[in-house]
Amino acid sequence: MATLRRLRQVPRHLLVCEKSNFGHDKSRHRHLVETHYHNYRVSFLIPECGILSKELKNLVMETGPYYFVKNLPLHELITHDFIHSFVKKGSFYALTYNTNIDEDNTVALLPNGKLILSLDKDTYEETGLQGRPSKYSGRKVMKFSAEESTVMSHFSNYRIQEHQPEIALSTVTELQCPVLRSSALQGEPEAACSAPELLDWLGAVFSHTELNNEPHNFISTYCCPQPSTVVAKAYLCTITGFILPEKICLLLEQLRHYFDEPKLAPWVTLSVQGFADSPVSWRENEHGFRKGGEHLYNFVIFNNQDYWLQMAVGANDDCPP
């Protein structure tokens, strides 16, 4: 019975919400993006928008490519040739794919050149390396992103494939959106919704969930938080693949300047989800899966250059930076 009760429990998570302005000297929006290394999905939502600008659409279409290398021995990442060709000449990202962080051996290469190994007990003892126990109980293919010709030629002795991110573009009509005020992170009764309420709503929108709370709907009884307003059109874009922080910085910068010319939209959002089985979340903070494996962040960008930053991880992880 105790096991059954645990299975019924809703997974806990840690959520940090803060407010700042892109023009502030101490704004840490760029650092936050640059240190969240392994991203598999990026989504943005623009209310009162029916078509993307040329600049924004070009950025979306130029997100890739990335590469799969099958059965790559780990020692290839510590050879003198690899370190000289990639690590010392820029930023290189790599992550094992289709491995479970709580059960399998998982490896991540960070852009600062550090190689993170998350190993089971037997493998750890075989390596003879000095390490530390994981904070989380329990504990194939390598995935990369770098210059096309260099990566393809360097790993030509292995089965390597180039992939492009999947891009989904859509226009949502008659979308009920929460009313937000940039100065009211915690919301205001009957005047504005809070940051956590917005994040729940965004999850429903990105999942294409019905938001009308109809009595005959047995899949979801969720509805938009109040107060709300209905927008005629909203543009939704989702990019799925292996997405570099540098690309996300460019998207964030472009969305930040979306309001350089007057727009009907009072705000736009940019949401980023990390790989659930990455051994790290931000920087070198250890990440575990347990019941969810989430580590994500969301920007709400207002037309006065204020922004909200929301960061979430699973309950076992360290608090977001």
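Colleague: Which residue meets Arg181 in a salt bridge?

Modeller: This is a predicted model, and the distances below are computed from it. In the model, Arg181 is partly exposed at a relative accessible area of 41%. Its salt bridge, 2.8 Å from N to O, is formed with the side chain of a residue that is itself partly exposed at 30%; the partner is Glu188.

Colleague: How many salt bridges does a search of the whole structure find?

Modeller: The pair Arg181 and Glu188 is one of those found. Another joins the side chains of Glu18 and Arg28, at 2.9 Å from N to O. The search of the whole structure gives a total of five.

Colleague: How many residues apart in sequence are the parts that Glu18 and Arg28 tie together?

Modeller: Glu18 belongs to strand 1 (residues 13–21), whereas Arg28 sits in the loop between strand 1 and helix 2 (29–34). Glu18 is partly exposed, with a relative accessible area of 22%, and Arg28 is partly exposed at 26%. The pair therefore links parts whose separation in sequence is ten residues.

Colleague: What is the relative orientation of helix 3 and helix 8?

Modeller: Helix 3 (residues 54–61) and helix 8 (residues 245–256) pack with their axes 10 Å apart, at an angle of about 165 degrees. Angles over 145 degrees count as roughly antiparallel. The two helices are therefore roughly antiparallel.

Colleague: How do the residues of the contact of helix 3 with helix 8 divide into nonpolar, polar and charged?

Modeller: Helix 3 passes helix 8 in a left-handed crossing. Helix 3 contributes Glu55, Leu56, Leu59 and Val60, and helix 8 contributes Leu250, Leu251, Gln254 and Leu255. The division is six nonpolar, one polar and one charged.

Colleague: Which residue is joined to Gly64 by a cis peptide bond?

Modeller: The bond has an omega of about 0 degrees. A cis bond with omega near 0 degrees also runs from Gln226 to Pro227, the latter in the loop between helix 7 (195–206) and strand 10 (228–243).

Colleague: Is Glu190, with its positive phi, buried or exposed?

Modeller: Phi of Glu190 is near 65 degrees, although the residue is not a glycine. Glu190 is placed in the loop between strand 9 (166–178) and helix 7. Its relative accessibility is 79%, over the 50% cut-off, so Glu190 counts as exposed.

Colleague: What is the phi of Glu48?

Modeller: Glu48 lies in the loop between strand 2 (39–47) and helix 3. Glu48 is partly exposed, at a relative accessible area of 31%. Although Glu48 is not a glycine, its phi is positive, at about 55 degrees.

Key
Residues numbered from 1 in each chain as written. Predicted model: local features only at pLDDT ≥ 70, side-chain atom pairs only at ≥ 80, totals over all residues. Heavy atoms only, no water. Axes fitted to C-alpha atoms, helices over the stretch in contact; angles between N-to-C directions. Helix = DSSP H or I, 4+ residues; strand = E, 2+ residues; numbered from the N terminus. Parallel < 35°, antiparallel > 145°, perpendicular 65-115°, else oblique. Left-handed = near helix turned anticlockwise from the far one by under 90°. Contact = heavy atoms within 4.5 Å. Nonpolar A, V, L, I, M, F, W, Y, C, P; charged D, E, K, R; others polar. Salt bridge = Lys/Arg side-chain N within 4 Å of Asp/Glu carboxyl O. Buried < 20%, exposed > 50% of the residue type's maximum accessible area, 1.4 Å probe, protein only.
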